[in-house]
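Thanks for coming. I will go through one structure this morning, from the whole chain down to a few side chains. Please have a look at it first.

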Amino acid sequence: MNDLYTWAALGSIAGASAATLLATNVIGGLIGPSGDKYRKWIAIAIALLLSYVTAAFADDASGEKWVIAFFNALVIFSAALGINQLPPGNRQATQPSPTQVAQGREPRIFRSWV
């Protein structure tokens with residue numbers, strides 16, 4: 001069980017990004033289709049929480065760590081959001097096209113919430 005997710009992994013950018021993505025999709029899935037418009041806000045809240053909790057456990061005593069934690073949260077959020085989907089022409093549509101629905105190809109688990 002210790003090999004799946006550890007505190008050290010959660011404290012890394014990759015681990016925090018994965019946790020943000022997974023938690024946002026699970027929460028959004030539990031809320032249902034009406035929660036799709038809140039997924040970005042859920043993701044930024046989780047990213048900020050993880051970043052500031054990690055900063056709280058840091059040994060650095062200076063106030064700079066809180067500023068750095070904010071920018072780390074933006075990196076976590078951007079990675080979870082899929083910033084590599086920019087520019088807009090590369091993004092997948094959030095609503096399936098009528099052709100996709102007619103052919104039964106509606107995305108079920110992971111879909112773009114950009």
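Before the overview, one term: a contact here means heavy atoms within 4.5 Å. With that in hand, take the contacts in the chain with a separation of 6 or more: residues 24 or more positions apart account for 50% of them. Keep in mind that this is a predicted model.

The chain has 5 helices and 0 strands, and from the N terminus on the elements read α-α-α-α-α. Of the 114 residues, 25% are buried. The accessible surface comes to about 7800 Å², and carbon and sulfur atoms hold 65% of that surface.

Next, the record. An unreviewed UniProt entry lists residues 6–29, 41–58 and 64–83 under "transmembrane region". How does the model treat two of these spans? Residues 6–29 are 88% helix and 0% strand, with 25 Å between the end C-alpha atoms. Residues 64–83 are 90% helix and 0% strand, and there the end C-alpha atoms lie 26 Å apart.

On to the aromatic side chains. How many aromatic pairs are there in the count? The count comes to 2. One is Tyr52 with Trp66: the ring centres are 6.0 Å apart and the planes meet at 25°, so this pair is stacked, given that planes under 30 degrees apart count as stacked. The pair links distant parts of the chain, since Tyr52 sits in helix H3 (residues 39–56) and Trp66 in helix H4, 14 residues apart. Tyr52 is partly exposed at a relative accessible area of 29%, and Trp66 is partly exposed at 37%.

Phe70 and Phe71 also form an aromatic pair, and this one is edge-to-face, with 5.4 Å centre to centre and 75° between the planes. Phe70 has a relative accessible area of 36%, which makes it partly exposed. Phe71 counts as partly exposed too, at 48% relative accessibility.

That leads to the surface. Which residues make the nonpolar surface patch of about 350 Å²? They are Val67, Phe70, Phe71 and Leu74. Leu74 lies in helix H4, which covers residues 64–81.

How values were computed
Residues numbered from 1 in each chain as written. Predicted model: local features only at pLDDT ≥ 70, side-chain atom pairs only at ≥ 80, totals over all residues. Heavy atoms only, no water. UniProt positions renumbered as here; feature names shortened; annotations may be inferred. Helix = DSSP H or I, 4+ residues; strand = E, 2+ residues; numbered from the N terminus. Patch = residues over 30% accessible without salt bridge, like charges linked within 9 Å, V, L, I, M, F, W, Y side chains within 5 Å. Areas by Shrake-Rupley, 256 points an atom, 1.4 Å probe, with all protein chains shown as cover. Salt bridge = Lys/Arg side-chain N within 4 Å of Asp/Glu carboxyl O. Buried < 20%, exposed > 50% of the residue type's maximum accessible area, 1.4 Å probe, protein only. Phe/Tyr/Trp six-rings, centres within 6.5 Å; stacked < 30°, edge-to-face > 60°.
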